[in-house]
Amino acid sequence: MARKILVLPGDYIGPEIMAEAVKVLLEVNSRFGLDLELEYGLLGGAAIDATGVPLPPETLERARAADAILLGAVGGPKWDGVERHLRPERGLLGIRSELKLFGNLRPAILYPQLADASSLKPEVVSGLDILIVRELTGGIYFGEPRGIRVLENGEREGYNTYVYRESEIRRIAHLAFSLARKRDRRLCSVDKANVLEVTMLWREVMDEVGAEYPDVELSHMYVDNAAMQLLRAPKQFDVLVTGNMFGDILSDAAAMLTGSIGMLPSASLDQAGRGMYEPCHGTAPDIAGQGKANPLATILSVAMMLRYTLASPAAADAIEQAVSAVLDQGLRTPDIHTAGRQLVSTTGMGDAVIAALRA
Ligand code: IPM
Ligand code: MG
């Protein structure tokens, strides 16, 4: 039976990078006989424009029915004026939450060809291979109560709640430990247990779950130190596990180590391994419509989808090798461009990946 992939291009550069990723997906679909069926849906700003809400019921229904979801990026200044609960980002957060995609995998791998594009010295980043595991459906992003209220003296006050249940921590811990098992067996849990009770519990539960994985070396680090260590000596890390907000921030920082956030894919998985796949970057409104966006993060997200949800590791390998090949050829979008390399457009990069797949 055909497997259904729901494609959600999103806003600004979203449709541009998605067009390239879909080309690549269709290419491996026929090459590897994957029997995938693509359908399209609206999410974020595009959905607001068409239906008035960022996550239309129809999109949610199709997302539930799909075997996997491929997402571009959502949001941007066009919707700055809309009411808070209707912001494009709410569509993204809604789909993550409704589908219980609690496990967000954000690998930061430095392609050796891009060592000169990193803002850090090549010797600090060469060979870098980190996996950030971010809890995605809890923490301060979803905690209640939340809002902006007016106090008795007329002053406004904004508030959010940072909360984690033991079961939520346990669930992400098991995912992180089992992923560490398939790598270098080192897991660093990032928290702020010197200040925040919620992360004191986080640390305790990590230790408890760690007892079930004696073959994985567990360490703990405060988030401020982790941010510093990522920039000072990033290769000390194998797998990092952390809550929703710390993971959001640290994964952007880790992205820059690899030369560009335009290179970073991600997977968001539920308990059964079903998932949504998206680049870590946003909608880049400043370069939208100019053919400057790097489609590789989305193309590499397709590879993750093939590996984690569609059980087609050969197709995933082929895409990753094709990406490496185009980098070998010296092809670069502006975000990773350095002297002596050939500048290509979004489409040019996508075409090059297809050509490498066919070579
Ligand atoms: C990310 C993004 C999102 C997040 C935004 C767009 C809501 O920054 O996927 O990292 O904060 O999770
Ligand atoms: Mg982010």
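On a 1 Å grid over the protein atoms alone, a cavity is a set of points where a 1.4 Å probe fits but cannot get out, and its lining residues have an atom within 4 Å of a point. In this predicted model, local features need pLDDT of at least 70 and side-chain atom pairs count only at pLDDT 80 or more, whereas totals for chains, interfaces and linings use all residues. Residues are numbered from 1 along each chain as its sequence is written, ligands are numbered from 1 in the order in which they are written, and side-chain values use heavy atoms, with hydrogens and water left out.

A search of the whole structure finds one cavity of 30 Å³ or more. The largest cavity holds about 40 Å³ of space, a volume being the space filled by probe spheres set on the grid points, which are joined across faces, edges and corners. Its lining is formed by Ala63, Ala66, Asp67, Ala68, Ile69, Leu99, Leu101, Asp270, Arg274 and Gly275, and these residues divide into six nonpolar, one polar and three charged (Ala, Val, Leu, Ile, Met, Phe, Trp, Tyr, Cys and Pro count as nonpolar, Asp, Glu, Lys and Arg as charged, and the others, Gly among them, as polar).

Ligand 1 is surrounded by Glu89, Leu92, Arg96, Arg106, Arg134, Tyr141 and Asp248, a residue being near a molecule if one of its heavy atoms lies within 4 Å of it. This shell comprises two nonpolar, no polar and five charged residues. Because domain 1 (1–110 + 275–359) and domain 2 (129–257) both give residues to the shell, ligand 1 lies between them; the domain bounds come from an automatic or database domain assignment. Helix α4 (residues 88–98) gives the most to the shell, with three residues, helices being DSSP runs of H or I with at least four residues and strands runs of E with at least two, numbered from the N terminus.

Oxygen atoms of ligand 1 lie 2.8 Å from an N or O atom in the side chain of Arg134, 2.6 Å from one in the side chain of Tyr141 and 2.9 Å from a polar side-chain atom of Asp248. The protein covers 77% of the 320 Å² of accessible area that ligand 1 has on its own, as given by the Shrake-Rupley method with a 1.4 Å probe.

Technical notes:
A polar contact is a pair of N or O atoms within 3.5 Å; within protein, one must be able to donate a hydrogen and the other to accept it, and residues adjacent in sequence count only if both atoms are side-chain atoms. On a 1 Å grid over the protein atoms alone, a cavity is a set of points where a 1.4 Å probe fits but cannot get out, and a pocket is an open set with protein on both sides within 12 Å along at least five of seven lines; lining residues have an atom within 4 Å of a point.
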